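This briefing sets out selected features of the structure shown below, grouped by topic.

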Amino acid sequence: MTGKLLIVNSYHPNARYVPMGSFGICDYLEQRGHQAKIFNGALYPPNEQVGRLEQEIRSFQPGAIGLIMQWKEYTDSAIRLSRDLKKLFPQLSIIAGGMTAGYFAQTLLRRYPSIDGVIRGDAEEPLHLLLGGHDWPAIPNLLFSSGDDLQAGEGVYRTDCATLEGMSFAGLDQMIDSQRYLEAIEPVLGFPVFIGRGCIHNCQCCGGSHKAFTEHSGRQRPVFRSTTAVLRDLKRLAGRTGTIYIGFENSPRYLEKLFRLVADDPELSGALALNYGAWGLPGRRLLELYSRAFRFGGRPRPILEISPETAIDIHRPLVRDPALYFSNQQLRDTLDSTREIFGSDLRVELYYSRYHHTHESRDVLEEELAGIHDLHDHLQRRGYDNMVLTNYHLATDVGSHNWDRLMDADGTDGLDTLLRGLGRMGFPAPGRPPMDNLCLYAPPSLDRQTLETHDRLVSWLELLRKQRPSCYFIAARLLGFTTLVDCVRSVIEKRRQSGWGEEVTLVGLSHLLRGLALEVEDEVHRVPAAHQTLVRDLAQLHAGHLDTLAGPPAPEDGGLTTRPLIEEQKLLVTGWDLAAEGFLQRLEQEDHLPPAEPTLNIYCGRRIVSFPRRMEPGFRLFDGSRTVAQVLQEAGADGTLDAAELRDLLIFITRHHATFTC
Ligand code: SF4
C-alpha cells in the first residue's frame, strides 16, 4: 500500500529555509512507491499561507501532513498552522517532526489536539510505514495520543550510512515553487548540501550538538554519506543553482577529500559558489582546496563563516567544544591565510555572541567587548575590508547546555518559556536595542540593568564605529579599547540616572559623544592629560557635526552671488587637526601625538573641513560684507590664504550649508 505525504513548513518573518533532510525524506518515500511534496509556507506572505496550503491539500489529497518543527523559531507558527489545518481537514493526520518537535513531543501532544503524532528522531522509515497503512503502535519513533494517554510506537529506528547513501537530497522539484525557494535562499547562503546527520561535538549553545541530538532524536553517533553520493547531488544541483552551503564538519579530512574531488571533476570544478560554515578553524590545506574547487570572483562574494563566539581565549573551550579550540592568534593567522589565498574574493564572517555562562560579571562582558573591538581594529589596520565581525545575541537552542541552564531555573520542559520568548521577538522594551536572536539565557549573576546597559553599550559602540569611524578609531587608539568601553558605559549609566532613554540613533550619538568628552576627564579612567584634551576635542567636533547634519537646501546659484554669514555653530576650534586624512597613520608612525596646531573646523554637510587657525583672519574676510564672487576676486591679497585654496573652500562651504545669507 502506498500513500501521499505533504511536508509542510510554516511561516517565519525572517527565514525561508526548510531543513535539508526534507528533500531526502521525499526521495526515500518516492523510492518506495509513495508520493511526497514539500509546501514551504515561509515563501509566501503570512495571509496567503493557509489559503495556498488548503488549495494544495485539496488538489494533492495527501494521506498525512508532515509538519516541520525543526528550528525553535518556527514553534509558534507551526502550532498555529496545525490548528488552522485541523479545522479545515479534521480527518487529516498531522504528524510533527524535527528537533524541536522531538524535544517537546509529550507536551505538544498533551496540549495541542491538532497535532496527532510526533516523530522523535529519524523520520524516513516511520513515515514510510505510516503511509503504508501500518498501525501506529507498530511504527517506531512515533508518539501519539491514545485516549487520555500517550502511546509510543514500537521500536526505534535510526537511519544508517547505507540508507543515506541511496538517497538524494537534491530533488529540488519535490518542493512546490522550487524556483521561488532558490530565489529566496540564493542571496542568503544558497542551497544546503546534505552530508550527514548529527555531531560529535558539544558546544554549549548548540541544539545540534551530540548531547542535544541524544535528547531530541535519540541519536548517539553521526551518520555520513560517502563523497560519491554527495558529488552526485552536487551535479544535480549545479543544473539548478549557482550557490550552495556546506556546514557539516565532523571530519575536516572528509571535507578536504570532497573539495579535492570537486576540484578534479571537470563538470564541477568552479561551477558552484560555496558558502562554507566552518565548525572549527579551517586549515590552510582546506582553504587552498576550497579556492580550487569552487567559484570565486563574482559578486556577492562567497562567505566563510567562522565562529570564535568569544574574544577571551581561555573561555573559548568552555563555550565551544574543547576539541574545536583555537587561540586568538591562530584566528588572526588564519585570517591572514585567507587573505593570501583569496585576496578579497572571499567574505569572511566572524561571529561573536552573548550571553554565555562564562559572562559572569560586567567586567567579563567588557573584556569581551574590548577584545572584539580590538580585532575590528586589527582588521581595519590591515585593510581587510572583506572581513565582517558580528557581535550578536546568542539564541538559546532547545536541548543545548544553555537551554538546560535556563531550565534549571524554570522547572518545566520549557515550552512556555520558548513561546513567551517568541512572542516578545520584534517588540523590544522602549528605548532598548532590539534582540537580534531568541536569546533566553543569561547567567543569573547578571541583573536586568547590567544586561540592558551592556546591550546599549554594544549598540552605541557599533553605531560610533560605523557612523564616525575616524572618531572611533582615533579615540580607541588614544584610550585603548578597555578604557573606551569603560568610558562609554559610564556615560550610559550617568545619563540613565538623569533620565536619558534615547534610541540608538545619530541624534543620541551626538549626546553620547558630548558625554564622552566630559567622561575622559574623570580621573577614574586615568587618561593622560594630553589624551584627555585630544579625545575631548575629537568627541566635541563629531558631536557638533552630527548636530548640523540636517541643513537647508544648497543655494541655486551655488552661493556665488550671496553675501553669506558664517554660521558660528558650524565652526569649532580644536587643538589638533583631527579631521585630517592620515591623522591615524601619523599617530601610528610617529608613535606619539602629532604636534598641536590650533585648527578651525567647519561642518559642511557630511564632511568636516579643517584648516590652520592662523588662516582664520583671511577666511573671515568673506564673512558678510561682500559676495563670494567679490571675495574670490580679491582672494589672497593679504597673503594669508592661497587664492586657489580659498576659492575651493568658499565654494565648498557655501554649497554645503556652513553659511546663511544675510
Ligand atoms: S556548533 Fe558545535 S556542537 Fe553544534 S553542530 Fe557545530 S560543532 Fe557541533
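**Sheet, ligand shell and a helix pair**

Strand β3 (residues 64-68) and strand β4 (residues 93-97) pair in the parallel sense over five bridges; pairing requires at least two DSSP bridges between two strands. This is a predicted model, in which local features need pLDDT of at least 70 and side-chain atom pairs count only at pLDDT 80 or more, while totals for chains, interfaces and linings use all residues. Residues are numbered from 1 along each chain as its sequence is written. Helices (H or I, at least four residues) and strands (E, at least two) are DSSP runs, numbered from the N terminus.

**Sheet**
- In β4, Gly97 stands opposite Ile68.
- The open sheet has seven strands in the order β2-β1-β3-β4-β5-β6-β7, with mixed pairing.
- β2 (35-40) and β7 (149-152) are at the edges with a single partner strand each, so one side of each lacks a neighbour in the sheet.

**Ligand shell**
- The ligand is surrounded by Cys199, His201, Asn202, Cys203, Cys206, Gly208, Ser209, Trp279 and Asp321, where a residue counts as near if its C-beta atom, placed from the backbone, lies within 6 Å.

**Helix pair**
- The axes of α19 (residues 469-479) and α20 (residues 481-497) come within 6 Å and cross at roughly 110°; axes are lines fitted to C-alpha atoms, for helices over the stretch in contact, and angles run from 0 to 180 degrees between N-to-C directions.
- α19 is therefore roughly perpendicular to α20, a term covering 65 to 115 degrees.
- Ala475, Ala476 and Leu479 in α19 meet Phe481, Thr483, Leu484 and Cys487 in α20, contact being C-beta atoms, placed from the backbone, within 7 Å.

Methods. Angles under 35 degrees count as roughly parallel, over 145 as roughly antiparallel, 65 to 115 as roughly perpendicular and the rest as oblique. Two residues are in contact if their C-beta atoms, placed from the backbone, lie within 7 Å.
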